[in-house]
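Subject: Structure handover

Hello,

Here is the structure for you to look at. Please open it first, then read my notes below.

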Amino acid sequence: ALDGRTETIVHTVSSSDSFYDSMPVSSLTIVAKVVYDASDPPRVSVARFNNLLNAIEVTFNQDSDRGSFTGSFACSNILNVTTTQVKTYFGKGSTCSFIEDSILKITFGKRATIINGNKINLKDNVLKVLTVGASLKTMNETFIIQLPLSATI
């Protein structure tokens, strides 16, 4: 029964300075509103090179709202990387796009340097589950790049 509940926080001040030690402190009332989400935010299930080795596919455990992105967009909008890191890791001209609600594709540009075992972080507060009324967004999500299932050489 968290709805409509109020709590009172009582605090005191003590100091070796007699002026501050005798100051009265008022109480403070806080009213908290609790929002219940039916689903947790999306989490990364796996991130691996595709079989052609020209992209990474990041698969989430459930459908996402795609962070409201459509088409191709800058990877720094959804990954916690700088523009310089995007060029270094994924190559000049790289892009991100959702190929499904649960799959983010990082398409490489020229001279990508990312390798198996590298860690990448999602940007906080961008993705949420594709459920009406959902408000929880993905936070502190790191994934490790894995080898492709069957590389085409």
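Start with Glu141. Glu141 is buried, with a relative accessible area of 5%. Remember that the model is predicted.

**Salt bridges**

What does Glu141 form a salt bridge with? The partner is Arg43, and the closest N and O atoms are 3.0 Å apart. Now find the two residues on the chain. Glu141 sits in the loop between S7 and strand S8 (142-146). Arg43 sits in the loop between strand S2 (28-31) and S3. The pair therefore ties together parts that are 98 residues apart in sequence. Arg43 counts as partly exposed, at 43% relative accessibility, whereas Glu141 is buried.

How many salt bridges does the count come to? The count is 2. Asp101 and Arg66 form a salt bridge too, with their closest N and O atoms 2.5 Å apart. This pair also links distant parts of the chain, 35 residues apart. Asp101 is in the loop between S5 and S6. Arg66 is in the loop between strand S4 (55-60) and H2. Asp101 is partly exposed, with a relative accessible area of 24%. Arg66 counts as partly exposed as well, at 25% relative accessibility.

**The overall layout**

Step back to the whole chain. The protein chain has 2 helices and 8 strands. From the N terminus on, the order of the elements is β-α-β-β-β-α-β-β-β-β. The protein chain has 153 residues, and 28% of them count as buried.

**Aromatic pairs**

Next, the rings. A pair of aromatic rings is described by two things: the distance of the centres and the angle of the planes. The structure holds 6 aromatic pairs.

Take Phe49 and Phe108, for instance. Their ring centres are 6.0 Å apart and their planes are at 65°. Why is the pair called edge-to-face? The angle of 65° decides it, because planes over 60 degrees apart count as edge-to-face. The pair links distant parts of the chain, 59 residues apart. Phe49 is in strand S3 (residues 44-49). Phe108 is in the loop between strand S6 (103-107) and strand S7 (119-121).

Are these two residues buried or exposed? Phe49 is buried, with a relative accessible area of 9%. Phe108 is buried too, with a relative accessible area of 16%.

Phe69 and Phe73 form an aromatic pair that is stacked. Their rings are 4.3 Å apart, centre to centre, with 15° between the planes. Phe73 is buried, with a relative accessible area of 8%.

Which residues do ring pairs link into a cluster? They are Phe49, Tyr89, Phe90 and Phe108.

**Surface patches**

Now turn to the surface. Lys87, Lys92, Lys110 and Arg111 form a positive patch there. One of them, Lys92, lies in the loop between helix H2 (83-90) and strand S5 (95-100). Lys92 counts as exposed, at 63% relative accessibility.

There is a nonpolar patch on the surface as well. Val13, Phe19, Tyr20, Met23 and Val25 form it. Together they have about 460 Å² of accessible area. Look for Met23 in the loop between helix H1 (18-21) and S2. Met23 is partly exposed, with a relative accessible area of 39%.

**Backbone angles**

One last topic: phi. Most residues other than glycine have a negative phi. Which value does phi of Ser68 have? Phi of Ser68 is near 65°, a positive value in a residue other than glycine. Ser68 lies in the loop between S4 and H2. Ser68 is exposed, with a relative accessible area of 65%.

Asn140 also has a positive phi, near 50°. Asn140 is in the loop between S7 and S8, and Glu141 lies in that loop too. At 63% relative accessibility, Asn140 counts as exposed, whereas Glu141 is buried.

Best wishes

Methods. Residues numbered from 1 in each chain as written. Predicted model: local features only at pLDDT ≥ 70, side-chain atom pairs only at ≥ 80, totals over all residues. Heavy atoms only, no water. Patch = residues over 30% accessible without salt bridge, like charges linked within 9 Å, V, L, I, M, F, W, Y side chains within 5 Å. Areas by Shrake-Rupley, 256 points an atom, 1.4 Å probe, with all protein chains shown as cover. Salt bridge = Lys/Arg side-chain N within 4 Å of Asp/Glu carboxyl O. Lys, Arg positive; Asp, Glu negative; His and termini not counted. Charge placed at Lys NZ, Arg CZ, Asp CG, Glu CD. Helix = DSSP H or I, 4+ residues; strand = E, 2+ residues; numbered from the N terminus. Buried < 20%, exposed > 50% of the residue type's maximum accessible area, 1.4 Å probe, protein only. Phe/Tyr/Trp six-rings, centres within 6.5 Å; stacked < 30°, edge-to-face > 60°.
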